[in-house]
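Subject: Structure handover and summary of findings

Dear colleague,

Please find below the structure that I am passing on to you.

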Amino acid sequence: YATQSHAFRIENRGDADLELKQGKTSCKCTLSGVDKDRIKPGESADVTLEWTAETQEPEFRQTATIHTNDPARATIEFVVEGDI
């Protein structure tokens, strides 16, 4: 099975610094990097998710969570789904 990855971009559209902290991932999925732990207003950061679709099922779903200091969105869940 080949390992795949995708970089998700998080933008801070607020007027205060946005803090990011890595949370839980599903068993076969990893957050290989959050390129910043604090994003200033108007800036962005990339979160890279890596996964290997090892399953006996014809479909897979992997998740990873980022925690933030934004009270309106305290967590961000990244989801990768596909067919094998």
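Strand 2 (18-25) and strand 6 (59-68) are paired in the antiparallel sense over four bridges. Strands here are DSSP runs of E of at least two residues, helices are runs of H or I of at least four residues, and both are numbered from the N terminus; two strands pair if DSSP finds at least two bridges between them. Within this pairing, Lys21 stands opposite His67 of strand 6. In general, strands of a sheet pair through backbone hydrogen bonds, either parallel or antiparallel.

Please note that this is a predicted model, in which local features need pLDDT of at least 70 and side-chain atom pairs count only at pLDDT 80 or more, while totals for chains, interfaces and linings use all residues. Residues are numbered from 1 along each chain as its sequence is written, and side-chain values use heavy atoms, with hydrogens and water left out.

Strand 4 is joined to strand 2 by two bridges, and the two run antiparallel; here Leu18 has Ile39 of strand 4 as its bridge partner. A hairpin through six residues links strand 6 to strand 7.

For the protein as a whole, there are seven strands and zero helices, which gives the pattern β-β-β-β-β-β-β along the sequence. Contact means heavy atoms within 4.5 Å. Among contacts between residues at least 6 apart in sequence, 56% join residues at least 24 apart.

The nonpolar core

A nonpolar core is a set of buried Ala, Val, Leu, Ile, Met, Phe, Trp, Tyr and Cys residues joined through side-chain atoms within 4.5 Å. Buried means under 20% relative accessible area, exposed over 50%, and partly exposed in between, with a 1.4 Å probe and protein chains only. By that criterion, 29% of the 84 residues of the protein count as buried.

Which residues touch the most other members of the largest nonpolar core? Of its 15 residues, they are Ile10, Leu20, Ile39, Leu49, Ile66 and Phe78. Strand 2, strand 5 (44-52), strand 6 and strand 7 (75-83) each supply at least two residues of this core, and the largest share, four residues, comes from strand 5. Leaving aside neighbours within four places in sequence, Phe78 is in contact with Phe8, Ile10, Val47, Leu49, Gln62, Thr63, Ala64 and Ile66.

Ala45 is found in strand 5 and counts as buried at 1% relative accessibility. Ala45 and Asn12 are 33 residues apart in sequence, and their C-alpha atoms are 8.7 Å apart in space. Trp51 also lies in strand 5 and is buried, with a relative accessible area of 12%. From Trp51 to Thr63 there are 12 residues in sequence and 9.3 Å in space, C-alpha to C-alpha.

Ala53 sits in the loop between strand 5 and strand 6. Ala53 is buried too, with a relative accessible area of 14%. Ala53 and Asp83 are 30 residues apart in sequence and 8.9 Å apart in space, C-alpha to C-alpha.

The largest pocket

The largest pocket has a volume of about 270 Å³. On a 1 Å grid over the protein atoms alone, a pocket is an open set of points where a 1.4 Å probe fits, with protein on both sides within 12 Å along at least five of seven lines; lining residues have an atom within 4 Å of a point. Grid points are joined across faces, edges and corners, and the volume is the space filled by probe spheres set on the points.

Of the 16 lining residues, Ile10, Glu11, Leu18, Asp70 and Ile76 are the closest to the pocket centre. Strand 1 (3-11) and strand 7 each supply at least two residues of the lining, and strand 1 gives the most, with three. The lining divides into five nonpolar, four polar and seven charged residues. In this count, Ala, Val, Leu, Ile, Met, Phe, Trp, Tyr, Cys and Pro are nonpolar, Asp, Glu, Lys and Arg are charged, and the others, Gly among them, are polar.

Yours sincerely
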